[in-house]
Amino acid sequence: MPTDRRSGCPFDPPAELTAPDDEPVRRMRYADGHLGWLVTGHAAARAVLADPRFSSRYELLHLPIPMEGAPEQIPPAPVGDMTGLDAPEHTRYRRLLTGKFTVRRMRALTRRIEEFTAGCLEAMEQAGPPADLVEVFARPVPALVICELLGVPYADRERFQSDVAVLFDQRADAAAKGAAQEALLRYVGALVAAKRAEPTDDLLSDLTSTDLTDEELAGIGGLLLAAGLDTTANMLGLGTFALLSHPGQLAALRADPGLAGQAVEELLRYLSVADPLPRSALEDVEVEGRLIRAGETVTVSVQAVNRDPHRFPDPDRFDIGRGAAGHLAFGHGAHQCLGQQLARVEMTVAFPALFARFPTLRLAVPPGEVPLRDRANIYGVTALPVTWGKEGTG
Ligand code: HEM
């Protein structure tokens with residue numbers, strides 16, 4: 001499966017994915033030789049992701065990209081990891097968690113997000129230019145937020161951040177992924193035991209009062225930690241790169257910070273960092289005139305779908321005024337992102353605050369030298385060297 005965005009613009013999908021052959025559902029050869037499908041059309045993607053006849057169970061999937069040391073069959077999701085489950089097991093976890101992402105909790109978090117953002121920007125200014133924006137801003141803000149939400153000590157981040165990075169790294173072999181998964185579960189498991197003994201005011205403590213077992217709680221905690229750490233961080237890093245690369249759009253956002261909400265939606269569409277989304281057909285299903293047979297794997301390419309010209313005219317143009325609602329950057333259907341409301345608040349607070357605090361923010365290296373995080377399930381930049389102040393002084 002073509003994944004390397006570097007061939008042209010760092011923000012655009014590989015040309016093979018968006019080739020104008022107008023085939024929204026097409027055949028694709030998987031790493032193990034399986035002949036499955038690739039979905040690049042918006043309507044077809046919605047149909048697949050909303051249809052319970054397409055399963056999310058890992059053990060039914062074929063991998064689109066080779067993984068060294070991968071067993072013939074992918075093992076099932078660890079206990080509590082609902083991304084790899086179908087109804088009714090998935091529904092049970094989903095209901096329990098949705099009830100915990102309350103408006104009250106999100107409101108309280110918004111104030112903390114503003115404080116965390118201001119704190120990171122203050123530290124960045126104090127340290128002076130240049131800076132790696134990923135290190136000082138894009139990674140710490142979401143990490144502080146997810147730690148606060150779950151009740152995970154931020155000081156422990158070195159212990160879980162590298163494990164999460166391995167989990168999302170398509171280059172990591174199966175053994176490394178297994179070890180990272182185990183370490184993450186061990187870490188969260190110990191935390192869950194501590195919360196049971198002495199509950200605090202956070203989501204993990206809250207969940208200990210449900211009928212979830214410790215093993216389930218560790219799985220859910222590990223999933224939330226991983227999902228909350230990496231996704232928003234990459235949106236903030238890559239999103240800043242995209243805005244700095246489109247000065248007209250950035251000027252519009254600076255002039256009217258009220259545009260932040262729609263700028264965030266367009267960034268989500270344009271960058272589609274969480275990609276791809278695989279499913280397996282449980283029975284024969286017809287999608288857009290193609291008959292997908294039971295047992296075949298279907299991979300939804302979010303980046304291609306969000307550039308479908310039938311849904312988004314002139315899709316390769318980054319335009320914060322376009323009204324990007326309807327993008328599938330958070331997925332669609334039963335597994336649609338549980339943290340999307342939180343991620344939106346984080347980005348809507350963080351981008352305007354960054355550009356207000358640093359009116360002259362710019363890249364400190366030529367755009368072609370920004371290191372990209374390719375071959376990862378969450379796309380982004382691994383570093384973003386920036387500077388500010390008068391031209392030539394930073
Ligand atoms: C699911 C993207 C932030 C928690 C998903 C899915 C996508 C996604 C595409 C669907 C996966 C599938 O269908 O297989 C993103 C993006 C984010 C983001 C682009 C940031 C901009 C977050 C945050 C959290 C979170 C901050 C945690 C607080 C989850 C969880 C699921 C999920 C728990 C699984 C839901 C389920 O299986 O029912 N996310 N996410 N995400 N996301 Fe996010």
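1. Helix H9 covers residues 214-244, and because its 31 residues should span 45 Å at 1.5 Å a residue, the 45 Å between its end C-alpha atoms agrees with expectation (the expected span is 1.5 Å times one less than the number of residues). Helices here are DSSP runs of H or I with at least four residues, and strands are runs of E with at least two, numbered from the N terminus.

2. This is a predicted model, in which local features need pLDDT of at least 70 and side-chain atom pairs count only at pLDDT 80 or more, while totals for chains, interfaces and linings use all residues. Residues are numbered from 1 along each chain as its sequence is written.

3. Of the 31 residues of H9, 28 are buried, so the helix is largely enclosed by the rest of the structure; buried means that 20 or more other C-beta atoms, placed from the backbone, lie within 10 Å of the residue's own.

4. Helix H6 (residues 157-168) and H9 have axes that come within 10 Å and cross at roughly 85°, the axes being lines fitted to C-alpha atoms over the stretch in contact, with angles from 0 to 180 degrees between N-to-C directions. H6 is therefore roughly perpendicular to H9, a label for angles of 65 to 115 degrees.

5. A separate feature is an open sheet of three strands, ordered S4-S10-S9 with antiparallel pairing, where two strands pair if DSSP finds at least two bridges between them. The edge strands, S4 (131-132) and S9 (362-363), each pair on one side only. S4 and S10 (residues 385-387) are joined over two bridges, and Ala-131 has Val-386 in S10 as its bridge partner.

Methods
Buried ≥ 20, exposed ≤ 12 C-beta atoms within 10 Å, placed from the backbone. Parallel < 35°, antiparallel > 145°, perpendicular 65-115°, else oblique.
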